[in-house]
Amino acid sequence: MSDANSPQDWNALAERVACHVENYLSGLEAVARGDAGPRTVPLLLLEVSQVILAGAQLGASADVILPDNWEPEVGEDPDLDTVRVGLSERLIAVDEYVEVFDPYKDGEATSYRLSDDLVDVASDLVHGLRHYQQDRPLEALWWWQYSYFNHWGNHAGAALRALHAVIAGARLDVAEGSDVPEEAAAVT
């Protein structure tokens, strides 16, 4: 993308990102309800991969600057605890994992939970979606871009690596004693 985006460029990007966000949110809710059955982890890998594509588009775009340099109020964001609980129940065998938060600054592994990461991403995305649904695409883009760099991009990337490890371990018949739990095969 060019450094100077026209309103049409921003609107087109907002529409693409909103589509990815809506798909991610509906996919996450379906998995949390148990609709994915034995395909839980592969479907989550797909949903996270697609929303990371939206993040990459935001990262490759020029900085979104709000005209008045402030974010209009959108009201309270929805409570996503039922989604978090549903995901933790579906991912019980693989929910906990370790990750290096910043590979250039941190050397320590940090404990994470897939269910928390997936819902943290959803929380940031739904906030921007509410701007978009209130016909404020520039505010939506600003929020999605800012929170991508500041928060959800890291959690989505960590979740993607964990989901990939589960699937790769199960599909490649990882030898006993591996870091991927044996129960992982049950959720792939």
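This is a predicted model: local features need pLDDT of at least 70, side-chain atom pairs count only at pLDDT 80 or more; totals for chains, interfaces and linings use all residues.
Close-up 1. Arg 161 counts as partly exposed, with a relative accessibility of 44%. Follow the chain and you will see that this pair links distant parts: Glu 99 sits in strand β1 and Arg 161 in helix α5, 62 residues apart.

**Close-up 2. Glu 96 and Arg 113, a salt bridge between two strands.** Here the side chains of Glu 96 and Arg 113 meet, at 3.2 Å from N to O. Glu 96 belongs to strand β1 and Arg 113 to strand β2, so the pair links parts of the chain that are 17 residues apart. Glu 96 counts as exposed at 58% relative accessibility, while Arg 113 counts as partly exposed at 37%.

**Close-up 3. Tyr 97 and Tyr 112, a stacked pair of rings.** The whole structure holds seven aromatic pairs. In the one formed by Tyr 97 and Tyr 112, the rings are stacked, with 5.6 Å from centre to centre and 20 degrees between the planes. Tyr 97 comes from strand β1 (residues 96–100) and Tyr 112 from strand β2 (residues 109–113), 15 residues apart. Both Tyr 97 and Tyr 112 are buried.

**Close-up 4. Asp 77 and Arg 130, a loop tied to a helix.** Eight salt bridges are found in the whole structure. One of them joins Asp 77 to Arg 130, with 3.0 Å between the closest N and O atoms. Asp 77 lies in the loop between α2 (40–60) and α3 (81–90) and Arg 130 in helix α4, so this pair ties together parts 53 residues apart in sequence. Asp 77 is partly exposed, with a relative accessible area of 31%; Arg 130 is buried, at 18%.

**Close-up 5. Helices α4 and α5, packed together.** Helix α4 (residues 114–133) packs with helix α5 (residues 137–171) at an angle of about 165 degrees, and their axes are 9 Å apart. That angle makes α4 roughly antiparallel to α5. Their crossing is left-handed. In the contact of α4 with α5, 16 residues are nonpolar, six are polar and four are charged.

**Close-up 6. Two groups of three residues.** Trp 142, Trp 143 and Tyr 146 make up one aromatic cluster. Asp 81, Arg 84 and Asp 116 are joined in a network of salt bridges.

Technical notes: Residues are numbered from 1 along each chain as its sequence is written. Side-chain values use heavy atoms; hydrogens and water are left out. Rings of Phe, Tyr and Trp (its six-membered ring) pair if their centres lie within 6.5 Å; planes under 30 degrees apart count as stacked, over 60 as edge-to-face and the rest as tilted. Helices (H or I, at least four residues) and strands (E, at least two) are DSSP runs, numbered from the N terminus. Buried means under 20% relative accessible area, exposed over 50%, partly exposed in between (1.4 Å probe, protein chains only). Axes are lines fitted to C-alpha atoms, for helices over the stretch in contact, and angles run from 0 to 180 degrees between N-to-C directions. Angles under 35 degrees count as roughly parallel, over 145 as roughly antiparallel, 65 to 115 as roughly perpendicular and the rest as oblique. A crossing is left-handed if the near helix is turned anticlockwise from the far one by less than a right angle, and right-handed if clockwise. Ala, Val, Leu, Ile, Met, Phe, Trp, Tyr, Cys and Pro count as nonpolar, Asp, Glu, Lys and Arg as charged, and the others, Gly among them, as polar. A salt bridge is a side-chain nitrogen of Lys or Arg within 4 Å of a carboxyl oxygen of Asp or Glu.
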